[in-house]
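Visitor: I have a structure on my screen and I want to learn how to read it. Can we take it feature by feature?

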Amino acid sequence: MSFGDPNNPYGPPQGQQPGYPQAPQPQPGYGYPQGAPQGVPPQQPGYGYPQAPQGVPPQQGYGYPQQPGYPGGPAAPRPASMGRRFGARLIDGVAFGIIYFILGAIGVAGSIGAAQDCDPSAADYSTCVNDASSNIVASFGAVIGMLAIVGLLYEWLMTGLVGATLGKLAVGIRVVKVDTGQKPGLGSSFIRWIIPMVGSFACGIGQLLVYLSPFWDKSGRQQGWHDKAASTMVVQN
């Protein structure tokens, strides 16, 4: 009696019992791939979140790099050096000095001309000379007042709307908000301007200390006291 397949004279395949059908082979799992396609690197565990490309540093927040104190994007500027800031103040100061000299010279020349018109032989000569002297003092006062107004409008409006004065533009620096990296706006720029101006009433010592205060800043942003009050910083372009 033969239990073999009459069409297979060599008997059943190895591992199969005679008279029994061939056992089904195990199938792959339900929907789970057995391996990554050829040429595709294996994925890390997770739920579909893409991995960071190789060679790109990890980011923090919404695409901002991990730079201290300035969320300025991939190319965040560096805090401006004190040398550049001093150069900007020097350029602005020279420009104001020229304006002050021109206005002062005009006022003094007019007052001296009025004094020269006084007749020494006239009875009111002393009164005329005193009036001319008063005019000289008044002319200087008017010049200082005009410069204060021009300085307010120049520093305040240029910093708030442009982000830099002419001196800052010349040396390649600008003022920005710390939290946004944008122009300060009129409110912050006014605070930034008024603090050193108040310090100037103490014989200019307070103003000098305000402008030197970035040397003592330990935040790495080179912020002066006026910068901290206005939440601004000076950066290089």
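This is a predicted model: local features need pLDDT of at least 70, side-chain atom pairs count only at pLDDT 80 or more; totals for chains, interfaces and linings use all residues.

Visitor: Where does Thr232 lie?
Guide: Thr232 lies in strand S2, residues 232-236.

Visitor: Is Thr232 buried or exposed?
Guide: Check the relative accessibility against a cut-off. Buried means under 20%. Thr232 is at 0%, so it counts as buried.

Visitor: What about Val234?
Guide: Val234 is found in strand S2 as well. Its relative accessibility is 0%, so Val234 counts as buried. Beyond four places in sequence, its contacts are Pro79, Ala80, Arg85, Ile173, Arg174, Val175, Arg192 and Asp227.

Visitor: Which residues make up the largest nonpolar core?
Guide: Look for buried nonpolar residues joined through their side chains. In this model the largest such core has 6 residues. They are Ala80, Ala88, Val171, Ile173, Val175 and Val234.

Visitor: What does Val175 touch?
Guide: Again, set aside residues up to four places away in sequence. Val175 then touches Thr159, Gly163, Lys168, Gln182, Lys183, Pro184, Arg192, Thr232, Met233 and Val234. Note that Thr232 and Val234 are both on that list.

Visitor: Let me step back. How many helices and strands does the protein chain have?
Guide: The protein chain has 6 helices and 2 strands. From the N terminus on, they run α-α-α-β-α-α-α-β.

Visitor: What share of the residues counts as buried?
Guide: Of the 237 residues of the protein chain, 24% count as buried.

Visitor: And what share of the contacts with a separation of 6 or more joins residues 24 or more positions apart?
Guide: Such pairs account for 61% of those contacts in the protein chain.

Visitor: Now helix packing. At what angle do H2 and H4 pack?
Guide: For a helix pair, read the angle, the distance between axes, then the residues in contact. H2 (residues 125-162) and H4 (residues 185-199) pack at about 135°, with their axes 8 Å apart. That angle makes H2 oblique to H4. The crossing is right-handed.

Visitor: Which residues make the contact?
Guide: H2 brings Ala148, Gly151, Leu152, Glu155, Trp156, Leu157, Thr159, Gly160 and Leu161. H4 brings Gly185, Leu186, Ser189, Phe190, Arg192 and Trp193. By class, the contact of H2 with H4 has 8 nonpolar, 5 polar and 2 charged residues.

Visitor: How do H4 and H5 cross?
Guide: Their axes come within 5 Å and cross at roughly 135°. That makes H4 oblique to H5. Ile195, Pro196, Met197 and Gly199 of H4 meet Ile205, Gly206, Gln207, Val210 and Tyr211 of H5. By class, this contact has 6 nonpolar, 3 polar and no charged residues.

Visitor: Which residue other than glycine has a positive phi?
Guide: Look at the backbone angle phi, residue by residue. One of them is Cys203, with phi near 55°. Cys203 is found in the loop between H4 and H5 (205-212). Its relative accessibility is 76%, so Cys203 counts as exposed. Ser231 also has a positive phi, near 55°. Ser231 sits in the loop between helix H6 (225-230) and S2. With a relative accessible area of 34%, Ser231 is partly exposed.

Visitor: One last pair of places. Where are Cys128 and Gly104?
Guide: Cys128 is in helix H2. Its relative accessible area is 26%, so Cys128 is partly exposed. The C-alpha atoms of Cys128 and Cys118 are separated by 5.8 Å, and the two are 10 residues apart along the chain. Gly104 is in helix H1, residues 82-116. With a relative accessible area of 9%, Gly104 is buried.

Terms used
Residues are numbered from 1 along each chain as its sequence is written. Side-chain values use heavy atoms; hydrogens and water are left out. A nonpolar core is a set of buried Ala, Val, Leu, Ile, Met, Phe, Trp, Tyr and Cys residues joined through side-chain atoms within 4.5 Å. Buried means under 20% relative accessible area, exposed over 50%, partly exposed in between (1.4 Å probe, protein chains only). Contact means heavy atoms within 4.5 Å. Axes are lines fitted to C-alpha atoms, for helices over the stretch in contact, and angles run from 0 to 180 degrees between N-to-C directions. Helices (H or I, at least four residues) and strands (E, at least two) are DSSP runs, numbered from the N terminus. Angles under 35 degrees count as roughly parallel, over 145 as roughly antiparallel, 65 to 115 as roughly perpendicular and the rest as oblique. A crossing is left-handed if the near helix is turned anticlockwise from the far one by less than a right angle, and right-handed if clockwise. Ala, Val, Leu, Ile, Met, Phe, Trp, Tyr, Cys and Pro count as nonpolar, Asp, Glu, Lys and Arg as charged, and the others, Gly among them, as polar.
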